[in-house]
Amino acid sequence: MTDQMTDHLTDHRRLGRELELFGTDPLIGAGLPYWLPDGAAVRHSLEEYVRDVERKAGYRHVYSPVLGKREMYEISGHWAHYRDDMFPPMDLGGEQVVLRPSLCPHHAVMFRSRARGYRELPYRMAELGPMYRAELSGVLGGLTRVRAIQLNDAHVFCTLDQVGEEAAAALGLIRRAYADLGIEAARFRLSLPGGGGKYVADPGMWRRAEAMLTEVLDASGLEYEPAEGEAAFYGPKIDVQVADPAGRESTLSTVQVDFHQPERFDLSYIGPDGARHRPVMVHRAIIGSVERAVAHLIEAHAGAFPAWLAPLQLVALPVTDQEVPAALELVRRCAERGLRADLADPSRGTLGARIREARLVPYQAVIGPREAVDSLAAPRLRDGRRPGALPVPELVDRVAAVAASRSHELWA
Ligand SMILES: [Zn+2]
């Protein structure tokens, strides 16, 4: 199979349209996709997953506004080093506000909203929040080059001694998420500054941050490659690269060590000695942007998502109109358990046609006259297995257990 054919078969734009996950409209604008109910269900499951693993890893979630004063980005350095990628400022009552190009400055300002003691560190602040990039060109109609981005971001404010452990823990979260989501990393990259003026200048700071990330990567046992010219303007980073079916690479996840913004925002904590000390900021994104992650998941699974992510998890298939009430009862029980289930009744075609139409749904539950009488359902799994009829509550329990465990196995 040629690259082009693979590309054609699994391109996330084509599947997104066919499966009615997302779309774009010239009236809304290029690079501004909307999410249809099935796409929103996948995105919601993914966001809940991220919040769940972050909570368990000691992160606390916040919300911050999508706008900020231009002055804040002058302080952070975005205005000087990143302005070309930002939307133009809006004049508002004698001030200028901009759509934020990152969440970091808001979080830095929130950290310093009151005095912090060393016992509060590491302080792990997380947010799944929107940010904006003024992409001038790009592939329209997709999720990979967008102007409005939902970022899975977090900032760990910590002491210098805690940086290694926090960065290693973040890398661990990324690797675990990839296993849960069925994503394979193509490459781990240590992204370093290149030539040109797009980086803040403080050679000592860059060397220290680079040494710390190198240590984390060496200790992880992962193979990685250094790449010049790929750092953030404020510091070096570990980038986790993924490849699409055509082999094109992009960065999905990142861990960054930053001495610059704590300095610029004059962040501090009170140490055991009673004096003020400067914390370090570790920036990290487990799945990067939700748009890019979903695009990658669509392609990696060719639309056949693991049960916990699937837009529709179970479809109830009554053989004739007689079994519609029994099928509706199954759908109701699924909904009660938080599962996404739907009815495909006989008006939508023969049983065979309805099964084919639901081929990407993990569980297809057939209910014929015999099953209806005994409150049974006969599951057909997406992979072709047919475990045999079982009582409706038991089927619902099994499907709910698989979804809750986020397993890739359809039948335990
Ligand atoms: Zn950040």
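This is a predicted model: local features need pLDDT of at least 70, side-chain atom pairs count only at pLDDT 80 or more; totals for chains, interfaces and linings use all residues.

## Charges across the chain

The protein chain carries 49 positive and 56 negative side chains, and the centres of the two sets are 2 Å apart. Lys and Arg are counted as positive and Asp and Glu as negative, while His and the chain ends are left out of the count. Each charge is placed at NZ of Lys, CZ of Arg, CG of Asp or CD of Glu.

Residues are numbered from 1 along each chain as its sequence is written, and side-chain values use heavy atoms, leaving out hydrogens and water.

## The overall build

The protein chain has 14 helices and 20 strands; these are DSSP runs, with helices being H or I of at least four residues and strands being E of at least two, numbered from the N terminus. Along the principal axes, its C-alpha atoms fill a box of roughly 75 × 50 × 50 Å.

Of the 412 residues in the protein chain, 50% are buried. Here buried means under 20% relative accessible area, exposed means over 50%, and partly exposed lies in between (1.4 Å probe, protein chains only).

## Salt bridges

Side chains of opposite charge can pair when their charged atoms come close. A salt bridge is counted when a side-chain nitrogen of Lys or Arg is within 4 Å of a carboxyl oxygen of Asp or Glu, and this rule gives 33 salt bridges.

One network of salt bridges links Arg 189, Glu 230, Lys 237 and Asp 239. Within it, Lys 237 and Asp 239 form a salt bridge whose closest N and O atoms are 3.2 Å apart. Both Lys 237 and Asp 239 are buried.

## Two pairs with more accessible area

Arg 337 and Asp 397 meet in a salt bridge with an N to O distance of 2.6 Å. Arg 337 sits in the loop between α11 (324-336) and β17 (341-343) and Asp 397 in helix α14 (residues 392-405), so this pair ties together parts 60 residues apart in sequence. Arg 337 is partly exposed at 43% relative accessibility, and Asp 397 is partly exposed at 40%.

Which residue forms a salt bridge with Arg 348? The partner is Glu 357, and the closest N and O atoms are 3.8 Å apart. Arg 348 is partly exposed at 43% relative accessibility, whereas Glu 357 is exposed at 52%.
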